[in-house]
Amino acid sequence: MGSRIGVAVMAALLVLYIALVGWRAVVLLGSGQALGIAMGAALLVMPLIGAWALVRELQFGLAADRLGRTLNDEGGMPEAPEHLRSNGRLLPEDADRLLAEYGAAAEAGPEDWRAQYRLGVVQDAAGRRKEARAAIRAAIRLAK
């Protein structure tokens, strides 16, 4: 629940930032000076990119959360080892073993969103954020 509140606060702050930058762009566009118009046009692009990124991240987060809740309700989430690092990450020996195990399961069932999602969870716990997001994106795509 705490992470949802954090997401809502960050999204609200980004929307406020986008609105302020957009307003500044309109003011600059109305200045009538070439430099002001050029800067205003450039500033219009930033809020559009920010809004697009916000929507994409929220879609990803909601879809990943939905799949995670479904998998958890089915009892299919990976079990955490008994010992973890102080930051909650897997120990190297556990990470290697779990990555091999869940990686093999994902390769054996490339069309199984559950296997892809489990792999993403284990990769995230091992500190491999980029690979974890890719695996969870694949799971979202497969679940549709």
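Predicted model: local features only at pLDDT ≥ 70, side-chain atom pairs only at ≥ 80, totals over all residues.
## Nonpolar surface patch

Six residues, I5, V9, M10, L13, L16 and L20, make up a nonpolar patch on the surface. Together they have about 600 Å² of accessible area.

M10 belongs to this patch and sits in helix α1, which covers residues 2-29. The relative accessibility of M10 is 56%, so M10 counts as exposed, the cut-off for that class being over 50%.

## Helix α5

Helix α5 runs over residues 129-143 and has 15 residues. At 1.5 Å a residue the helix should span 21 Å, and the C-alpha atoms at its ends are 21 Å apart, which agrees.

The buried residues of α5 are A132, A135, I136, A138, A139 and I140. These buried residues pack against two other helices, α2 (34-73) and α4 (113-125).

The whole structure contains 6 salt bridges. One of them joins R4 to D65, with the closest N and O atoms 2.5 Å apart. R4 is in helix α1 and D65 is in helix α2, so this pair ties together parts that are 61 residues apart in sequence.

D65 also meets the side chain of R69 in a salt bridge, at 3.0 Å from N to O. R69 and D65 are both in helix α2; because they are 4 residues apart, about one helical turn separates them.

R4 counts as partly exposed at 47% relative accessibility. D65 is partly exposed with a relative accessible area of 28%, and R69 is partly exposed with 44%.

## Salt bridge: E74 and R114

The side chains of E74 and R114 form another salt bridge, with an N to O distance of 2.8 Å. This pair links distant parts of the chain: E74 is in the loop between α2 and α3 (92-108), while R114 is in helix α4, and the two are 40 residues apart.

E74 has a relative accessible area of 44% and is partly exposed. R114 is partly exposed as well, with a relative accessible area of 27%.

Conventions: Residues numbered from 1 in each chain as written. Heavy atoms only, no water. Patch = residues over 30% accessible without salt bridge, like charges linked within 9 Å, V, L, I, M, F, W, Y side chains within 5 Å. Areas by Shrake-Rupley, 256 points an atom, 1.4 Å probe, with all protein chains shown as cover. Salt bridge = Lys/Arg side-chain N within 4 Å of Asp/Glu carboxyl O. Buried < 20%, exposed > 50% of the residue type's maximum accessible area, 1.4 Å probe, protein only. Expected span 1.5 Å × (residues − 1). Contact = heavy atoms within 4.5 Å.
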